Amino acid sequence: MVEEGFKTDFPSETVKEGKVKAVVPKLAAFVKQPSDYAPSKAPVFYNPVMELNRDISVLAFQAYQRVVNREIFISEPLTSSGVRGIRFAAEIHGVKKVLIGDINEKAFKLAKHNVYLNELQDRVTVQHKDANCLLSCHGAPRKRFDAVDVDPFGSPVPYLDSAIRALRNKGLLAVTATDLAPLCGVHSKACLRKYGGKPLRTEYCHELAVRLLAGCIATLAAKHDIGILVVFSHCTDHYVRVYVEIDYGAKKADESVKNLGYVLHCFNCMHRETVKKPFAKRVEKCPECGSKMDYAGPLWLERIFDKRFCELMAKENRRTPFRNSGKIAKLLFIAKGEAEAPITYYVLDKISNKLGLPMPSVDMMLQILRESSFQAFPTHFNSRGIKTDAASLTVQRLLLKLVATA
Ligand SMILES: C[S@@+](CC[C@H](N)C(=O)[O-])C[C@H]1O[C@@H](n2cnc3c(N)ncnc32)[C@H](O)[C@@H]1O
Ligand SMILES: [Zn+2]
């Protein structure tokens with residue numbers, strides 16, 4: 001049954017996404033000049049490009065539900081048109097209730113209408129509330145959620161503390177950060193201020209962005225005697241996304257804090273290494289070329305993908321005919337390999353440019369590294385990237401050998 005008499009006071013259209021339909025702003029009507037970013041110009045935010053992000057959330061929450069094997073209660077406190085939360089209720093098996101909310105009244109009304117449109121009033125509740133307020137109302141035992149999806153504009157940091165407190169033990173937190181300029185080192189001070197870690201403008205800055213966000217979540221969770229485990233993460237288009245399972249207990253928090261540390265980087269020879277303790281003079285000099293090294297952190301040095309969780313998501317993806325299923329299958333396949341790969345990656349084009357050499361294919365470079373008894377993995381962070389335990393100068397020597405013999 002559709003709510004009678006509902007009409008938006010802005011140009012809108014009905015779209016289909018996953019198994020649901022939703023009334024959303026007609027984006028073309030909000031572009032006045034070519035530089036306009038239509039999703040932000042509309043009175044209610046809607047970005048069709050984020051469908052992939054929402055598809056992956058559906059898969060991750062479904063994988064989580066299969067693991068816990070009970071009915072789950074989900075919240076999406078910054079919902080906009082409601083499409084994400086409505087998809088959770090419509091597409092994930094074993095969802096008892098979904099609570100969504102938005103501070104924008106037009107978004108709240110639209111989300112409410114979209115719930116009606118999909119006849120999900122009995123399972124999806126919409127609140128016109130500030131996200132922190134909504135989450136804080138669910139911070140007490142027996143009121144908490146199994147999963148919370150924080151998908152804001154820019155930085156998710158203002159909502160993390162209340163999101164962590166609103167999760168039950170072993171609950172799943174999904175977080176988007178679109179503020180890649182701070183996280184990737186363009187605005188270093190903003191990153192330090194918001195995330196508590198120093199970024200670095202390296203070729204692997206997107207992985208550092210995920211690790212800075214995860215490190216920030218670990219630090220905030222530890223204050224509540226909660227530990228974390230990152231089960232999945234990805235960097236796609238203009239954002240990073242992490243999926244974190246929380247684990248109650250002071251010991252778990254201590255263990256998780258031990259996983260924080262620094263990535264040291266040499267801008268001369270591209271050497272990189274990780275250290276857990278604040279570094280001494282000894283490690284400030286690059287062991288490969290002797291130059292002074294810079295650093296990123298504190299950030300999360302533990303895994304940012306769980307192999308088993310990636311497999312479960314891939315299984316769900318095979319069952320679900322999304323528009324983006326092919327893309328997601330590829331992402332999950334690479335991420336599964338990355339789960340056990342060394343931290344950071346080399347970008348072949350950057351090395352080739354530095355050495356003034358032609359660019360070899362990623363497959364050939366992976367092969368020569370493996371033939372030389374090193375680990376070598378492609379990475380979803382960069383299609384020309386390689387994760388390896390070979391030292392920087394060894395990678396450069398092998399690349400030289402490869403192009404010389406080609
Ligand atoms: C990026 S949009 C959400 C997109 C949505 N998650 C999706 O997948 O389509 C961010 C939303 O957060 C809402 N918002 C901003 N500040 C808020 C706050 N303090 N509390 C609740 N909602 C807020 C905005 O009105 C906007 O609708
Ligand atoms: Zn060096």
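Mentor: Let us start with a pair of helices: α2 passes α3 in a right-handed crossing, where right-handed means that the near helix is turned clockwise from the far one by less than a right angle. This is a predicted model, in which local features need pLDDT of at least 70 and side-chain atom pairs count only at pLDDT 80 or more, while totals for chains, interfaces and linings use all residues. Residues are numbered from 1 along each chain as its sequence is written, and side-chain values use heavy atoms, with hydrogens and water left out.

Trainee: Why are α2 and α3 called oblique to each other?

Mentor: The axes of α2 (residues 51-68) and α3 (residues 83-91) cross at roughly 40° and come within 10 Å. Angles under 35 degrees count as roughly parallel, over 145 as roughly antiparallel, 65 to 115 as roughly perpendicular and the rest as oblique, and α2 and α3 are therefore oblique.

Trainee: What makes Ser352 count as buried?

Mentor: Its relative accessibility is 1%, and buried means under 20% relative accessible area, with exposed over 50% and partly exposed in between (1.4 Å probe, protein chains only), so Ser352 counts as buried. Ser352 lies in helix α14 (residues 348-355).

Trainee: How do you know that β14 and β15 pair?

Mentor: Two strands pair if DSSP finds at least two bridges between them, and 4 bridges join β14 (residues 376-379) to β15, the two running antiparallel. The bridge partner of Pro378 is Ile386 in β15, and β14 and β15 form a hairpin with 2 residues between them.

Technical notes
Chains lettered and ligands numbered in written order. Axes fitted to C-alpha atoms, helices over the stretch in contact; angles between N-to-C directions.
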